Amino acid sequence: MWYPPKVTTPGNDPVSVAEAKRQCNVLHDDDDALLLGFISAARDYVERCCGTPLAQQAVEVKCDSFCDMARLPIAPVSDVDIEYVATDGTDQTVPDAAYDLRADGLEASVVPAYGQSWPATRPGSRITVTAIAGYETLPASIRHAMLLWIAEAYLNRENAETPEWTAFDALLTNYRR
């Protein structure tokens, strides 16, 4: 079982204020704070919609056993470090050569390397995985969807009825976990 992730090093917003201003056709600096708020809101919305972190960040997740690593709860992932409590009660780190990270886009898993097996853990202890999660380069579809969301929020600052299916939804379809 996986426990809720804890972001230890947050990433930067993947869209700049200058990009948002270009998308919204804003030529002044008066609304920079407003646009910065929209950028953060768009990032939060897209991350929750897709179930993935956008900008690379360090994330710590804990699980009950090594078999849980057949599917990591976060993706995309570029690196992991694994710590556990050994049967004698000491904190240990699994050597990098003992496991393989299989980070295939939106699905990531960690498996023992060929000829290796997971070490024995103290009963009742948790395994801690520290991962570098998020996109190194944000896909163009996600960036464009964020810019559409920001422009819509800038143009319509009050509640409005939204259509059932939009370009925003279409751009994010392939990036949902």
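User: Is Gln57 buried or exposed?

Analyst: The model is predicted, and Gln57 belongs to strand E2, which spans residues 57-63. Buried means under 20% relative accessible area. Gln57 has 8% relative accessibility, so this residue counts as buried.

User: Which residues does Gln57 touch, not counting residues up to four places away in sequence?

Analyst: Besides these contacts, the side chain of Gln57 reaches the backbone oxygen of Ala55 at 3.1 Å. With residues up to four places away left out, Gln57 touches Val7, Thr9, Pro10, Gly11, Arg43, Glu47, Ala131, Ile132 and Ala133.

User: Is Asp31 buried or exposed?

Analyst: Asp31 sits in the loop between helix H1 (17-24) and helix H2 (32-50). Not counting residues up to four places away in sequence, Asp31 touches Tyr154 and Arg157. Its relative accessible area is 17%, and the limit for buried is under 20%, so Asp31 is buried.

User: Is Asn25 buried or exposed?

Analyst: Asn25 is placed in the loop between H1 and H2. Although Asn25 is not a glycine, its phi is positive, at about 55°. Most residues other than glycine have a negative phi. The relative accessibility of Asn25 is 66%, and exposed means over 50%, so Asn25 counts as exposed.

User: What is the omega of the peptide bond from Ala75 to Pro76?

Analyst: Pro76 is located in the loop between E2 and strand E3 (77-85). Most peptide bonds are trans. The bond from Ala75 to Pro76 is cis, with omega near -5°.

User: What pattern does the protein follow along the sequence?

Analyst: The protein contains 4 helices and 7 strands. Read along the sequence, they give the pattern β-α-α-β-β-β-β-β-β-α-α.

User: What is the radius of gyration of the protein?

Analyst: Along the principal axes, the C-alpha atoms fill a box of roughly 65 × 30 × 25 Å. For a compact globule of 177 residues the radius of gyration would be near 16 Å, whereas the protein has 20 Å.

User: Among contacts between residues at least 6 apart in sequence, what percentage joins residues at least 24 apart?

Analyst: Buried residues account for 38% of the 177 residues. Of the contacts between residues at least 6 apart in sequence, the share that joins residues at least 24 apart is 74%.

User: How far apart are the centres of the positive and negative side chains?

Analyst: The accessible surface is about 10200 Å², and 50% of it belongs to carbon and sulfur atoms. There are 14 positive and 26 negative side chains, and the distance between the centres of the two sets is 2 Å.

Methods:
Residues numbered from 1 in each chain as written. Predicted model: local features only at pLDDT ≥ 70, side-chain atom pairs only at ≥ 80, totals over all residues. Heavy atoms only, no water. Helix = DSSP H or I, 4+ residues; strand = E, 2+ residues; numbered from the N terminus. Buried < 20%, exposed > 50% of the residue type's maximum accessible area, 1.4 Å probe, protein only. Polar contact = N/O pair within 3.5 Å; in protein donor to acceptor, adjacent residues only side chain to side chain. Contact = heavy atoms within 4.5 Å. Rg over C-alpha atoms; globule rule 2.2 N^0.38 Å. Areas by Shrake-Rupley, 256 points an atom, 1.4 Å probe, with all protein chains shown as cover. Lys, Arg positive; Asp, Glu negative; His and termini not counted. Charge placed at Lys NZ, Arg CZ, Asp CG, Glu CD.
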